Amino acid sequence: MHRIYYENITPYLDKSYFDECMKLVTQKRREKVQALGDISSRARSLAAGMSLVKATRELGIEQELEFITIGTHGKPDFRDGCGWHYNLSHSGDYVMLAVADKSVGVDIQQIKPLARDIAGRFYSRDEIEYLKSISSDNSSKEYLEAFYRIWCLKESYVKCSGEGLGHGLDSFSVMERLDDSEIIMDGRYASAICIF
């Protein structure tokens with residue numbers, strides 16, 4: 001079982017809303033928010049904290065917010081034994097949270113123009129061939145959407161495993177999981193989830 005939450009950071013840019021939400025998150029989250037330099041980063045961190053508050057309330061595990069642990073490669077999670085795991089991602093105006101009863105990784109990316117041959121540096125051979133079959137123009141809408149679906153899957157897989165990027169993104173393929181990613185929010189963002 002899993003649940004996915006998306007939070008737009010725009011309301012958190014309003015000082016009164018920001019201040020009200022700061023009262024609802026944990027002391028650790030407040031400290032993290034306050035340590036960030038610019039308002040967008042603070043809003044993003046607070047939106048992530050509020051997503052966690054909402055999710056844990058829905059699941060009846062709100063007490064777990066006080067027991068978040070950090071794995072060896074920096075992956076935050078609920079403490080062992082609570083029966084739930086989570087993962088966060090952010091890009092542009094959105095924060096994405098997934099909560100699952102198994103290890104979970106998520107990624108959201110704002111779709112933007114690409115640097116030349118970025119796929120050649122980070123993608124496996126079959127992923128590169130797939131992109132070439134979509135379009136030879138890496139600025140076309142179809143190519144960009146396919147590129148970001150693969151990117152989000154790769155990131156969510158790495159985050160789910162908790163092993164970090166030690167092996168390189170080109171060392172594995174996600175083609176068999178392409179259906180686990182999607183283009184969302186009027187084609188401006190891509191997101192993916194990985195659970196195992």
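Over the ring of which residue does the charged end of Arg 79 sit? The charged end of Arg 79 is placed over the ring of Phe 67, 4.0 Å from its centre, where a charge sits over a ring if NZ of Lys or CZ of Arg is within 6 Å of the ring centre and within 35 degrees of the ring normal.

1. Basis of the note. This is a predicted model, in which local features need pLDDT of at least 70 and side-chain atom pairs count only at pLDDT 80 or more, while totals for chains, interfaces and linings use all residues. Residues are numbered from 1 along each chain as its sequence is written, and side-chain values use heavy atoms, with hydrogens and water left out.

2. The largest nonpolar core. This core has 26 residues, and those that touch the most other members are Tyr 12, Leu 46, Phe 78, Trp 84, Leu 97 and Val 99. At least two residues of this core come from each of helix H1 (15–22), helix H3 (39–59) and strand S5 (94–100), and H3 gives the most, with nine residues. A nonpolar core here is a set of buried Ala, Val, Leu, Ile, Met, Phe, Trp, Tyr and Cys residues joined through side-chain atoms within 4.5 Å; buried means under 20% relative accessible area, exposed over 50%, and partly exposed in between (1.4 Å probe, protein chains only). Helices (H or I, at least four residues) and strands (E, at least two) are DSSP runs, numbered from the N terminus. In soluble globular proteins, nonpolar side chains tend to be buried together.

3. Once neighbours within four places in sequence are left aside, Trp 84 is in contact (heavy atoms within 4.5 Å) with Met 1, Leu 59, Ile 61, Asp 77, Phe 78, Val 99, Ala 100 and Asp 101.

4. Cysteines. The count of disulfides is zero, a disulfide being a pair of cysteine sulfur atoms within 2.5 Å. Cys 82 is in no disulfide, and the nearest cysteine sulfur, that of Cys 160, is 15 Å away; Cys 82 counts as buried, at 19% relative accessibility.

5. Aromatic pairs around Tyr 157. The structure holds ten aromatic pairs, where rings of Phe, Tyr and Trp (its six-membered ring) pair if their centres lie within 6.5 Å, with planes under 30 degrees apart counted as stacked, over 60 as edge-to-face and the rest as tilted. In one of these pairs, the rings of Tyr 157 and Phe 172 have centres 4.9 Å apart and planes at 40 degrees, so the pair is tilted. Because Tyr 157 lies in helix H6 (residues 141–161) and Phe 172 in the loop between H6 and strand S7 (181–184), the pair ties together parts that are 15 residues apart in sequence. Tyr 157 is partly exposed at 35% relative accessibility, whereas Phe 172 is buried at 18%. Tyr 157 also forms a tilted pair with Phe 196, at 5.7 Å centre to centre and 55 degrees between the planes; this pair links helix H6 to the segment after strand S8 (189–195), across 39 residues. Phe 196 is partly exposed, with a relative accessible area of 44%.

6. Further ring arrangements. Phe 122, Tyr 123, Phe 147, Tyr 148 and Trp 151 form one aromatic cluster. Lys 154 lies over the face of Phe 172, at 4.2 Å from the ring centre.

7. Salt bridges. Ten salt bridges are found in the whole structure, each a side-chain nitrogen of Lys or Arg within 4 Å of a carboxyl oxygen of Asp or Glu. One of them joins Arg 3 and Glu 58, with the closest N and O atoms 3.3 Å apart; Arg 3 is in strand S1 (residues 2–8) and Glu 58 in helix H3, 55 residues apart. Another joins Asp 19 and Lys 15, with the closest N and O atoms 2.8 Å apart, and because these residues are four apart in helix H1, they are separated by about one helical turn. Asp 19 is partly exposed at 31% relative accessibility, while Lys 15 is exposed at 59%.
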